[in-house]
Amino acid sequence: MGTGMILACFLLGVGLGWLDWMPACLSGSDAALYMLYALMFSVGMGVGADGRLREILRTLRPRILLVPAATTAGTFAGVALASLFLSYSLSECLAVGAGFGYYSLSSIFITQYKGAELGAVALISNILREIFTLVGASLLVRWCGRLAPVCAGGCTTSDTSLPCIVRFAGRDMLLVAIVHAMLLDFSVPFWVMFFCSL
């Protein structure tokens, strides 16, 4: 599903909620929790059903693990710096950053634990991360190296931003980008819940 469709659904939801047209069966916190469970199940099914998973695990080199580690450290450092200029606490900013571009999952978690306002911030900031990667991949490669769009893309590097990464950083970045996204996808719920609990 493209970023435009995600953004359109979000804006439609905001509009319906603002007009108070929300169905009663969806307005309770239990409905959001059950949707979150369904989303987690779908993510697990998607990872398990990915035909590339066996090949990726077979050819995995330990050095590849440094890329998601660098993305995590860089994201948290950038978010910590940004929190100095924002009205949100450090833990709230870190929870938003811990989405790593996985807007659907992280925004639902954050809405569940911290409220709709911070959930909307998480959704928008993670969508912007994806758009930045899609638009700026060539410049990132030129200015910062071939791993830069992989780190910038976060969780999107196995789907929406993968074609841009392969085009501008080279086909040998394909495996790196997919492993990177899979490991970050797995880490998102743990990081977000950890920072939301602080």
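**View 1. Thr72 in helix H5 of the predicted model**. Thr72 counts as buried because its relative accessibility is 13%, where buried stands for under 20% relative accessible area, exposed for over 50% and partly exposed for the range in between (1.4 Å probe, protein chains only). The residue belongs to helix H5, which spans residues 66-83; helices (H or I, at least four residues) and strands (E, at least two) are DSSP runs numbered from the N terminus. Not counting residues up to four places away in sequence, Thr72 touches Phe100, Leu184 and Trp191, a contact being heavy atoms within 4.5 Å.

**View 2. Phe76 and the largest nonpolar core**. This core, a set of buried Ala, Val, Leu, Ile, Met, Phe, Trp, Tyr and Cys residues joined through side-chain atoms within 4.5 Å, has 20 residues, and those with the most contacts inside it include Phe76, Phe100 and Ile110. At least two residues each are supplied by H5, H6 (90-97), H7 (103-114), H8 (116-144) and H11 (174-196), with H11 giving the largest share, five residues. Leaving aside neighbours within four places in sequence, Phe76 is in contact with Leu94, Ala98, Phe100, Trp191 and Phe195.

**View 3. A core of twelve residues**.

**View 4. The protein as a whole**. Eleven helices and zero strands make up the secondary structure, and 40% of the 198 residues count as buried.

Residues are numbered from 1 along each chain as its sequence is written. In this predicted model, local features need pLDDT of at least 70 and side-chain atom pairs count only at pLDDT 80 or more, whereas totals for chains, interfaces and linings use all residues, and side-chain values use heavy atoms, with hydrogens and water left out.
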